[in-house]
Amino acid sequence: MKHKLFAHILLLAMLLASIAGARAQLAIEITGAGANQIPVAIARFDGESVLAGGVTDVVRADLRRSGLFSLIETGPQPISETAVPDLVNFRIRGADAMLVGSVVAMEGKRYEVRFRLFDTQRQAELGALALRMNEGQQRATGHRIADFVYEKLTGLPGVFSTRIAYVVKTGERYQLQIADADGENPQTALASREPIISPAWSPDGSKLAYVSFEAKKPVIYIHSLASGLRSVVANFKGSNSAPAWSPDGSKLAIVLTKDGQSQLYTVNADGSGVKRIASSAGIDTEPFWSGDWIYFTSDRGGTPQIYRVTPTGGNLQRVTFDGSYNVTPRPSPDGSSLAFITRSGGRFQVAVMDLASRQVTILTDTSRDESPSFAPNGRMILYATETGGRGVLAAVSSDGRVKQRLSVKAADVREPAWGPLPR
Amino acid sequence: MRKTLVVPAVLLALLSGCGSTPMSSDTGATVEDRNATPAVQTPQVTTVTPAEPTGGSYMDELTNPSSPLSKRSVFFDFDSFVLRSESQPLVEVHARFLVGHPDVRMLIQGNADERGSREYNLALGQKRADALRRALNLLGVPDSQIESVSLGEEKPRCTDASEGCWAENRRADMLYTGEF
């Protein structure tokens, strides 16, 4: 294993000459990398030149961007999976693993991409797969291949095929956008002259719940991404905000002011069955549903702190105690840790708490952090922050080592939400 | 370091003989075929553009700059949700109008400065809107005529990161029927 820290900056957009430059797109810079990078050789696949842009450039960009891999040169010569490659040679060049493959054209502009992954040290095959794709799906296919390599080499599912949602503010226009996890292929789900906040992915990834101010007040909507059909989940007198899906997607935890101050309720996804689940004399907000708990922010103790309660309103517990401002609780997908925003010395930073030991670590060196959102494998946390007076997205690994910045030219980007693994 | 899958015995045997010898056996046959379900799908997203709310003023009295009713904002101190005494005359003017026009409704939009969590700031803006609503209630305006909501930090009147600017944003605005 190399213990090299990569200091160079990669502008992912540069790899994509084929994408039209006019669209507002997230550009990703890597600002820190993992301490233990796995050196991997990704050969050009035999026959991949039939696909515009190929597929292995996407695989390499994904793996490099994760900060967990270093790429070993394989040269311009494609290497097919039909024969075992010269693994000793690539081991000598420093690779611990090697991916080889081929692209085979089929009838009707369809293609089959076959690939094998080898362990060069043990000279053993780690797995093989064939994916069939239509013309134009080479990026999606590349992400699937990168997911395969990531999972075989780290033991965790890859998140290269996931999508992210975020809000772009350009002048007085707000757009709720959905993009691939690498910032490519941005699509606008909602364009409005009024603010949009708090997007939350349904567990199946087909819908977003969010708060839109298009009715001059905060109202919660559910939006089916494929059809664009929307429904109102909560438009009660007062403010309606902070939607959070239940793990089975049937309900949402929400915040309403219809009975006084901001308080927690649950509601069925069709807007029926509103139930109050907690009561306080102060503010209760920012629920996040994780297994048997709903985490939330409350100032019932005098300052905003994080609490948790069961979905039926039982077993209330305070979770954070240090400091005077701990907000936006976001449990990791496995429920073992909690990301949140903490204020200290006038800075707002992403922190993570190990829920077993209650130990807190501040992960970022930025000072205007908001809205943390875990990747579905728990490895990275996407959040909003500010650089040069402009809203940008950033990502940090849950150990604080890998850091990335995602920005859109001449626009404010905020309110990120990392979508689930594709089904 | 990593997970290793079970390696077919034949492959192992061959590899253990001489690792650097390329194999040309028909390894392609063991590639898993995922054709049964579509392997790669490109999800679609459809764009929605909400209709603009119909604007326009309810009547001249509310918008004429020489009328005290054209003043629609009350301001709050840092971390405070209590109306300043200097706001009371303006609140009284609006209360009198609402009592005299029971068919007209008011939307109060509370606001907060930009520091900290958006949703927590939404809740803080709500406290300011509610403070103004209760002041109007005390002057005889029923709740049925008023709705208090929050815009949080989303609609700042001023966008510099300075105390003077943040003070502008710690406010509640009054809108009348036809304006929301």
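Predicted model: local features only at pLDDT ≥ 70, side-chain atom pairs only at ≥ 80, totals over all residues.
Residues are numbered from 1 along each chain as its sequence is written, chains are lettered from A in the order in which they are written, and side-chain values use heavy atoms, with hydrogens and water left out.

Start with the interface. Here 82 residues of chain A are in contact with 64 residues of chain B (heavy atoms within 4.5 Å). The buried area is about 6,200 Å², and carbon and sulfur atoms give 53% of it. That area is the accessible area (1.4 Å probe) that the two parts lose on being put together, summed over both. V84(A), R132(A) and K216(A) supply 11% of what chain A buries against chain B, more than any other three residues.

Now the charges. Six salt bridges link the two chains (a side-chain nitrogen of Lys or Arg within 4 Å of a carboxyl oxygen of Asp or Glu). One of them joins E415(A) to R118(B), with the closest N and O atoms 3.4 Å apart. Strand β6 of chain A (residues 124-134) gives nine residues to the side that touches chain B, the largest share.

Turn to the sheet. In chain A, four strands form an open, antiparallel sheet in the order β10-β11-β12-β13. Strands are DSSP runs (E, at least two residues), numbered from the N terminus, and two strands pair if DSSP finds at least two bridges between them. β10 (196-201) and β13 (230-234) of chain A each have a single partner strand, so one side of each lacks a neighbour in the sheet. β12(A) (residues 219-224) pairs with β13(A) over four bridges. H223(A) stands opposite R230(A) in β13(A).
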